[in-house]
Amino acid sequence: MKEQIITLLNTYENVAFLISIFINIMISILGIVPSVFLTAANLAVFGFWKGTFISFVGEAIGAIISFMLYCKGFRKLSETKLFSHPKVKRLLEAKGLEAFFLVLSLRLLPFVPSGVVTFVAAIGKIPFLIFVIASSIGKIPALLLEAYSVYHLMNWTWQGKVISTLLSVFLFIFTWKKINQNYKSKITT
């Protein structure tokens, strides 16, 4: 996927940044597609700082548009039992500074899907302006970390090798724990 986007951006280099932002908006609206491949393409085409900036702009605008669309289409879902988990309920009912810090902190966590945060915030009571500010500020460190990691993985520097090793160890431990949990639950039932 990354290679096709690189080709597209190189083919239309006069409007490549607009194409990248548009793709990022579509990724944000879908809510489940990871944007890491687009970040990698942006870094390859535009360089580290410009690519990171274009990725940030695309993700920020995408989150804003997604928030508005989700508000219009899904707000009534917040009243269903589907969103009864205490942490989700807290985000749904958050207002003011609490809402700001909840969105900000969730944006800072690398393993919390961006689309889920936007969706739950949109169907909750979080005001638009608070969401925009908290979401955009929270995306800066998260995107810098993502861009740094992707850049070093693409160039296979020693930092990329360390990142790859740590990711592999994390995935191994996570998978091992899941297998053990499933095995233990089968034994007890």
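Is Thr118 buried or exposed? Thr118 counts as buried, because its relative accessibility is 3% and the cut-off for buried is under 20%. This is a predicted model, and every value below is computed from it.

## Overall fold

The protein chain has nine helices and zero strands. Read along the sequence, the pattern is α-α-α-α-α-α-α-α-α.

The chain has 189 residues, and buried residues make up 38% of them.

## Helix α7 and Thr118

Thr118 is found in helix α7, which covers residues 114–123. Eight of the 10 residues of α7 are buried, so the helix is largely enclosed by the rest of the structure. The buried set is Gly115, Val117, Thr118, Phe119, Val120, Ala121, Ala122 and Ile123.

What does Thr118 touch, leaving aside residues up to four places away in sequence? The partners are Ala63, Ser66, Phe67, Tyr70, Arg107 and Phe131.

## Helices α4 and α8

Two packed helices are described by the angle between their axes and the distance between the axes. Helix α4 covers residues 48–74, and helix α8 covers residues 128–155. They pack at an angle of about 145 degrees. Their axes are 9 Å apart.

The crossing of α4 past α8 is right-handed. By class, the contact has 17 nonpolar, four polar and three charged residues.

## The salt bridge

How many salt bridges does the structure hold? It holds one. The side chains of Glu59 and Lys139 meet in a salt bridge, at 3.3 Å from N to O. This pair links distant parts of the chain. Glu59 sits in helix α4 and Lys139 in helix α8, 80 residues apart.

Are the two partners buried or exposed? Glu59 is buried, because its relative accessible area is 9% and the cut-off is under 20%. Lys139 counts as buried too, at 6% relative accessibility.

## Asn155 in helix α8

Asn155 also lies in helix α8, whose range is residues 128–155. At 41% relative accessibility, Asn155 counts as partly exposed. That class applies because 41% falls between the 20% cut-off for buried and the 50% cut-off for exposed.

## Helix α2

Helix α2 has 15 residues, 16–30. At 1.5 Å a residue, α2 should span 21 Å.

Which residues of α2 are buried? They are Ala16, Ile19, Ser20, Ile21, Ile23, Asn24, Ile25, Ile27 and Ser28. These buried residues pack against α1 (2–11), α3 (36–46) and α4. Just after α2, Gly31 takes a positive phi of about 80 degrees.

Technical notes: Residues are numbered from 1 along each chain as its sequence is written. This is a predicted model: local features need pLDDT of at least 70, side-chain atom pairs count only at pLDDT 80 or more; totals for chains, interfaces and linings use all residues. Side-chain values use heavy atoms; hydrogens and water are left out. Axes are lines fitted to C-alpha atoms, for helices over the stretch in contact, and angles run from 0 to 180 degrees between N-to-C directions. Helices (H or I, at least four residues) and strands (E, at least two) are DSSP runs, numbered from the N terminus. A crossing is left-handed if the near helix is turned anticlockwise from the far one by less than a right angle, and right-handed if clockwise. Ala, Val, Leu, Ile, Met, Phe, Trp, Tyr, Cys and Pro count as nonpolar, Asp, Glu, Lys and Arg as charged, and the others, Gly among them, as polar. Buried means under 20% relative accessible area, exposed over 50%, partly exposed in between (1.4 Å probe, protein chains only). A salt bridge is a side-chain nitrogen of Lys or Arg within 4 Å of a carboxyl oxygen of Asp or Glu. The expected span of a helix is 1.5 Å times one less than its number of residues. Contact means heavy atoms within 4.5 Å.
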